[in-house]
Amino acid sequence: MLRTPIDPESQPADPKQWVRTKFWMLMLFVVSIGYLDAQSDTCPSTRLGALNKEVFANVVKDPDPTYFKAWEMLQLAREEGMPTLESRAHGYLSTIWNQRNRLDSTIFHSRKSLELSIRSGSAAEISNGYSTLGNALETFGELDSAYAAFENSYQWGLKSNNRRSISRGLLNMGMVQRTLGDYLKSLRHLHEAERLCLEWKAYPFLPNLYWTMGEVYLLLGEADLASENLHKALAKSRRSKKRLVAARTQLSLGTHAMLIRDTSEALCWFNASQQTAREGHYPRLEALAAAKISETYLALGRTVDAMAAAQVAVVIGRRDDDKVILGQAFLALGLVELQLGNFEVAYRDCDQAHAFARQTGQTNERIAICECLWKSAEKAGKMSVAFFQHREFIHLRDSLHNREGNMEIARFEANLQYERQRVTDRISQANQRLQREVAYQMQLGIEKERTRSWWWISGFAAILAVGGGLAVIIIRRQNRRLVTQNGLIQDQNRSIQNTLEEKEVLLREVHHRVKNNLQVMVSLLEMQASKVEDLNAIEALLTSKGRVQAMSLIHKKLYQQSNITDVNFGEYLTQLVVAIEGLHGVGTKVETTFDLVECRFGIDTAVPLGLILNELITNAYKYAFVGRAEGRLSLSLLQNSEGTYDLEVQDDGNGLPQGFDLDQSDTMGLQLVEGLARQLRGRFMIGRSLWGGPLFTVRFTPQSR
């Protein structure tokens, strides 16, 4: 068998040498691949892209480790001269400092982000820059500036046709308007954002969107709509694994349950919110939920559990140096200590809460804190401190009521505009129906004439045709006359309606301005009283403040109600008693009874009556109930058969001195009451009540409107 000859140079002399050669070639290949991969990692552009993706994914979830990577991204972008990525890095740092509650650093990085995005010239990046600045300003409390920044973000989003920027801008504008209290405008933004998100399938924004809508409906008192939107937000946040929105939504659902007095359900929601916030590492939400849990336990009477929950909130707030958390936490501690009877400790905790609430500008929390402060100071025997804290509580509460009144006016004007548009549509539809009816009647008349003409002989055909033509002409002329008259009547009605509406708006604005001016006078009297040390001067200033408040309350009632010509005096009297009790009724539990007929008086009658009531009720609180634990006060307004009214004020005090003569007395309050009674064409009488105290009666005749 022949074999093919083998060339000895085609094979290595040593088989082991051949294996070693192949091995080293393979090792060289592996090292080369590793070197190229390392070179690609150290390439600045590649490294920047990887850092951008990593920081974007973890900036909210895990901000502390992400902070260093954001700084590395900023340095690399600055070295490579890439303003777009440098702007994004500043935006990430602003978000991280915002979560750490460092407002100065948050504002600095957000402004740098906007400046660099404008330098880049990209509309989408400019929109992102304005959005970052808006978030920082909103945290800082500059809500008007934040709204302007979000509006710019929305406009630049429209220019770049970036769906994410447009939806985000509308959502942020709606959230700021919710905080500002313009709930109708907030809902317009949010509903538009919802429509665009569903149309463009921008589902990541929906959890936050539905949560904000639920909050707005909660503030408007629409419990069903609030619950519906909050449950939508919770379902979508769980589906998309957004624990931050889920924790916020559970907190809002607990607040909703507290409003409808379902304390057990509220406790479940607050505990769920705290657990979700703890799992997602959101300490602020965890502490806020703990404060809410403390309030709920306090409502259930479980003071030990309430104290433990409040201390958890304090620990988290001190650890993170978060003033918002500390304000809520110390308020919860103060309420628990007040319930336990530790009045000095309660005052100290609430004083700390007040300091933090002033820095963060939380009006609602300050009202609750001032209420706890004056109650604890009163129980601790610090009457002067309690007086000033109670005065600040009344001032903050009135400011909140004024803001709510402005919102009521805005809602009323929106409803009026809606009704006006609906009336216009109805008039237009009625005109269209009238035109169709006229055309139908004309056609019906013509058809009748045609049908009737077939019954006549051919000799009268021409006469019937002429008669039919004349009938058509007459009918058309009558219809044109009717349409013209109808148009004139509608124009006159529209003109009368516009005139009445303008007069009503002007009159309402006059009452509003008068109320505001009187409120300014009240504030000036308060400021003057705080600067004066003489007790008699303070008492005189506060008495004048009460009189001005009595007149201000009448004008407030006039511009807030639908009928602006007269006042429901029963409602006004009850509100006036509450205001006077809040100013003078500290330390005495007064049982007030009312016996009032249903009546409405014009401003010429309501103002003197309000001043009379203010003097008589203030007189009772100043002299009848001093040094007493409780007392009784009775107010009645009855109509006599001859058309006059009797206003009676009586209490169970010691009564007037023996032999008291009003004409010889120098009491300014009672002399003012007598003068005001004469102004009402009535008389002022003083007698003795069933309880042994004084009985003041004013018999008057209402002024003609």
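The model is predicted, so local features need pLDDT of at least 70 and side-chain atom pairs count only at pLDDT 80 or more, while totals for chains, interfaces and linings use all residues. Residues are numbered from 1 along each chain as its sequence is written, and side-chain values use heavy atoms, with hydrogens and water left out.

I start with salt bridges, meaning a side-chain nitrogen of Lys or Arg within 4 Å of a carboxyl oxygen of Asp or Glu. The whole structure has 13 salt bridges.

One of them joins Glu192 to Arg195, with the closest N and O atoms 2.6 Å apart. Both residues sit in helix 9, residues 183-200, three residues apart, about one turn of the helix. Helices here are DSSP runs of H or I with at least four residues, strands are E runs of at least two, and numbering goes from the N terminus. Glu192 and Arg195 also belong to a salt-bridge network with Glu199.

Next, Asp646 and Arg699 meet in a salt bridge at 2.7 Å, N to O. This pair links distant parts of the chain, with Asp646 in strand 5 and Arg699 in strand 7 (residues 694-700), 53 residues apart. Asp646 counts as buried because its relative accessibility is 9%, whereas Arg699 is partly exposed at 30%. Buried means under 20% relative accessible area, exposed over 50%, and partly exposed in between, with a 1.4 Å probe and protein chains only.

Finally, Arg480 lies in helix 20, residues 461-531, and counts as exposed at 51% relative accessibility.
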